[in-house]
Amino acid sequence: MARPPGGGVMSQARVRRNDWGSIRVPDVGSWTPTKAVSVVIPTFQAERTLPLVLAGLAAQTYPAHLLEVIVSDDSPEPLAGLPEVRPERTRLVRGGASWGRAAACHRGALAADGEVLHWLDSDMLVEADHVEAQLRWHDALDHAVVLGHKWFVDPSPLDGLSPEEVRDAVAAGRLEEWFAGQDREAHDWVEEMYERTDDLREAGPRAHRAHVGATASLHRALYLEAGGMDLALKLGEDSELGYRLAECGAVFIPDRAARSWHLGRTHVMRRQDEVNDYNFPFLADRIPDGRVKRATAGRQYAVPYVEVVLDVADLRHADVVATVDAVLASTVPDIVVTLVGPWASLTDERVAVLDDPRLDTRIVHASYVSDSRVRLVDTFPDQREGRSPATFRLTLSSAGWAPRPRALNRMVREIEWTHHGLRSALMPDGSTARLERTAAVQRALRVRSASDDLDDVVDELFGSWWVDGPETGWAPSRSLSGARLPGRSGAAQDPAALPDTEGGDRKERAAAPAPGAPPAPPPPSRLRRTLVRVRNRLRSHA
């Protein structure tokens, strides 16, 4: 769904974090659906269960003229055709260059005509009002991701039944009777998360971890905005998509009224440890907020956890280098730096080298052009134009102040604990370090009006807070510049006489200020502390 100029759709509920309880939807059976939905069924050798699944869909209460079904076949030996008992508007699409569930889902999504996509696995037998239950949320919110409820059951009670009998039983509401008396297995870890978080209402920014694609629905536009399925993933694709949907501002809603029966246990449930071992590196590379998966220091990943942005135009190279080096020395390992500057102006035109008007820009460029953690861009990456590639974006308004090694980790840890969407550090010179949660900014952009201040909307949806920079680990950038390493020329030395570089000598050098560095930061001023408190009080009472 395209966003109107200057903001989102004002008729939508403004959901705080993931507390979807503020959304008002009609009871099942009491409303008139208007949105077209495409149920996408990825299949792989599902000849036994697919006819039953389609039979269940043929009995849905959702209007037939608004419901289409796309069977996306990923089998090595393609399906010969579709069974006779199926929804009126059912199509079959077959494999392309990529294979796997992600590829099958994506092919189905691209072929879909519906405004809403509804994923449904080929072993999911749904109750008659399953689609209707999920779709009512999408009338209220264009960034809802609805998760259906399911029980895992032994499919043997269906043995010998025809698709016609299954369709009629679904229409009559008799599925519960068929599975009565046998063990029902819940999706344990999902249900445990629901129980801990009041059905995700208190899950905050981590609600996406419950995203399981066996039965789920979302606006097609939201799916495409998030980038669609990652076709390189053969397992865990629903978890990874859930993270990117959250980054787009999605709200995750488990709907227990959308009931279904999973015919048999999943591949994941049967081989849980092996699946986890396989998924670990793939998901660690793509999902930054799984911090346990990124416990190894010094590693870089495809998707960073924190992006730091600094506009270097008209700044002295010494300040920029000191600030960027301090950021890269942070104890937050998976970090990238985006430097905005007139890099295109750095031509090979003859110039007096030391009198070059672009000297500062040239030195900064040479300092970081080969560092894979630093990106050099010509225009400021505004989140209104496109979301940050990282979970958090830290924008520095100047290069005068920089974080000590643990300061960024503290800032990120506190915004994680509070579920806030914005945290700002105020420096003695009035400059700021502004840490934005990408998901919060993207949600705010969806729902704000043209007259709304973006920060006010972020605060309303997620909360925000101001802190004093020096009190939370920020210092004048050039005071953090390390001393140069001593020379290594001269005669070979006796190894027994070498200094303990891991002990006292190094600590003494680290404690000494760099030559020419400005003095240590002054203690926090009473005025600055008061200003920070006032800003926080205004936010909390707004």
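Is the crossing of α14 and α15 right-handed or left-handed? In this predicted model, the crossing of these helices, α14 and α15, is right-handed.

**The helix pair**

Helix α14 covers residues 438-447 and helix α15 covers residues 454-461. Their axes come within 9 Å and cross at roughly 110°. Angles of 65 to 115 degrees count as roughly perpendicular, and α14 and α15 are therefore roughly perpendicular to each other.

The contact can be described residue by residue. On the α14 side are Ala440, Val441, Arg443, Ala444, Leu445 and Val447. The residues they meet in α15 are Leu454, Val457, Val458 and Leu461. Arg443, in α14, belongs to the charged class, because Arg counts as charged.

**Aromatic pairs**

The model has 6 aromatic pairs. Two of them are set out in the table.

| Pair | Centre to centre | Angle between planes | Arrangement |
|---|---|---|---|
| Trp20 and Trp137 | 5.6 Å | 90° | edge-to-face |
| Trp119 and Tyr223 | 5.3 Å | 70° | edge-to-face |

Planes over 60 degrees apart count as edge-to-face. The planes of Trp119 and Tyr223 stand at 70°, so this pair is edge-to-face. With 90° between their planes, Trp20 and Trp137 are edge-to-face as well.

Where in the chain do Trp20 and Trp137 lie? Trp20 is in the segment before β1 (37-43), while Trp137 is in helix α3 (residues 130-140). They are 117 residues apart, and their pair links distant parts of the chain. Both Trp20 and Trp137 are buried.

The pair of Trp119 and Tyr223 also links distant parts of the chain. Trp119 sits in strand β4 (residues 116-120) and Tyr223 in helix α7 (residues 220-225), 104 residues apart. Are Trp119 and Tyr223 buried or exposed? Trp119 has a relative accessible area of 1% and is therefore buried. For Tyr223 the relative accessible area is 0%, so Tyr223 is buried too.

**A loop residue**

His65 belongs to the loop between α1 (50-57) and β2 (67-73). Is His65 buried or exposed? Exposed means over 50% relative accessible area. The relative accessible area of His65 is 60%, so His65 is exposed.

How far apart are the C-alpha atoms of His65 and Val37? These two residues are 28 residues apart along the chain, and their C-alpha atoms are separated by 9.7 Å.

Key
Residues numbered from 1 in each chain as written. Predicted model: local features only at pLDDT ≥ 70, side-chain atom pairs only at ≥ 80, totals over all residues. Heavy atoms only, no water. Axes fitted to C-alpha atoms, helices over the stretch in contact; angles between N-to-C directions. Helix = DSSP H or I, 4+ residues; strand = E, 2+ residues; numbered from the N terminus. Parallel < 35°, antiparallel > 145°, perpendicular 65-115°, else oblique. Left-handed = near helix turned anticlockwise from the far one by under 90°. Contact = heavy atoms within 4.5 Å. Phe/Tyr/Trp six-rings, centres within 6.5 Å; stacked < 30°, edge-to-face > 60°. Buried < 20%, exposed > 50% of the residue type's maximum accessible area, 1.4 Å probe, protein only.
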